[in-house]
Amino acid sequence: MNSASAAQKRKIFVLAKEQGMDQELLHAYVCALVKKESLSKLTIREAIQVIDGLSGKGTRSPCPQREAMSQAQKGYLVHLAKRLGWVDEAGQLDEGRLNGFCRSQQGVLYWTGLTRAKACRVIEAMKAMAERG
């Protein structure tokens, strides 16, 4: 197998920094995603997977229909985020804020990558926040 290029490794570090990931979290992410302990041992294909995951393209689940959050959950998350005031100047959803909340609560980089179970937990947390005012 061909090793990941230096440019791919730099891209991984840049994307991780943009996501606010430290070295430890980045290595844990890589280990969970491609089962490699070190970035220097990544192949070209594995580096592509990591880059896609960090850039929001995500990876495919073996059972995507069963595990992916429903459209109703997505809509409810958007509704709750707007109710909590997580909007930009134009009144549109502040996805960065929602991504950060989901990252802190469930360890996912992007809210769109939530599974059904994780979406339920995030929804419950956001409902509790909305009830508190």
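Mentor: We begin with a definition: a salt bridge is a side-chain nitrogen of Lys or Arg lying within 4 Å of a carboxyl oxygen of Asp or Glu. The structure before us is a predicted model, in which local features need pLDDT of at least 70 and side-chain atom pairs count only at pLDDT 80 or more, whereas totals for chains, interfaces and linings use all residues. Residues are numbered from 1 along each chain as its sequence is written, and side-chain values use heavy atoms, with hydrogens and water left out.

Trainee: How many salt bridges does the structure hold?

Mentor: The structure holds 2 salt bridges. In one of them, Glu-124 pairs with Lys-127, and the closest N and O atoms are 3.1 Å apart.

Trainee: Where do Glu-124 and Lys-127 lie?

Mentor: Helices are DSSP runs of H or I with at least four residues, strands are runs of E with at least two, and both are numbered from the N terminus. Both Glu-124 and Lys-127 belong to helix H7 (residues 116-132), where they are 3 residues apart, about one turn of the helix.

Trainee: Which residues form a salt bridge with closest N and O atoms 2.9 Å apart?

Mentor: Lys-36 and Glu-46 form that salt bridge. Lys-36 is in the loop between helix H2 (23-34) and helix H3 (44-54), while Glu-46 is in helix H3, so the pair ties together parts that are 10 residues apart in sequence. Lys-36 is partly exposed, its relative accessible area being 22%; Glu-46 is buried, with a value of 15%.

Trainee: With which residues is Glu-46 in contact, leaving aside its neighbours within four places in sequence?

Mentor: Contact means heavy atoms within 4.5 Å. With those neighbours left aside, Glu-46 touches Val-34, Lys-36 and Lys-41.

Trainee: What is the phi of Lys-35?

Mentor: Phi of Lys-35 is near 60°, a positive value in a residue other than glycine. Lys-35 belongs to the loop between H2 and H3 and is exposed, with a relative accessible area of 64%. Ser-40 is also placed in the loop between H2 and H3; Ser-40 is partly exposed, at 48%. From the C-alpha atom of Ser-40 to that of Gln-92 the separation is 40 Å, and the two residues are 52 apart along the chain.

Trainee: How far is Ala-68 from Ala-117, in sequence and in space?

Mentor: Ala-68 and Ala-117 are 49 residues apart in sequence and 8.9 Å apart in space, C-alpha to C-alpha. The place of Ala-68 is the loop between helix H4 (64-67) and helix H5 (71-83), and its relative accessibility of 35% makes it partly exposed. Beyond its neighbours within four places in sequence, Ala-68 is in contact with Leu-114, Thr-115 and Arg-116.

Trainee: Which residues form a negative surface patch?

Mentor: Patches consist of residues with over 30% relative accessible area and no salt bridge; like charges are joined within 9 Å, and nonpolar side chains (Val, Leu, Ile, Met, Phe, Trp, Tyr) within 5 Å. Here Asp-88, Glu-89, Asp-94 and Glu-95 form a negative surface patch. One of these residues, Glu-95, lies in helix H6 (residues 95-106) and is partly exposed at 42% relative accessibility.

Trainee: How many positive and negative side chains does the protein chain have?

Mentor: Lys and Arg count as positive, Asp and Glu as negative, and His and the chain ends are not counted; each charge is placed at NZ of Lys, CZ of Arg, CG of Asp or CD of Glu. The protein chain has 21 positive and 13 negative side chains, and the centres of the two sets are 5 Å apart.

Trainee: How many helices and strands does the protein chain have?

Mentor: There are 7 helices and 0 strands, and the C-alpha trace spans about 50 × 35 × 25 Å along its principal axes. Of the 133 residues, 32% count as buried. Among contacts with a separation of 6 or more, 59% join residues 24 or more positions apart.

Definitions and conventions:
Accessible areas come from the Shrake-Rupley method with a 1.4 Å probe; for residues, only the protein chains shown count as cover. Buried means under 20% relative accessible area, exposed over 50%, partly exposed in between (1.4 Å probe, protein chains only).
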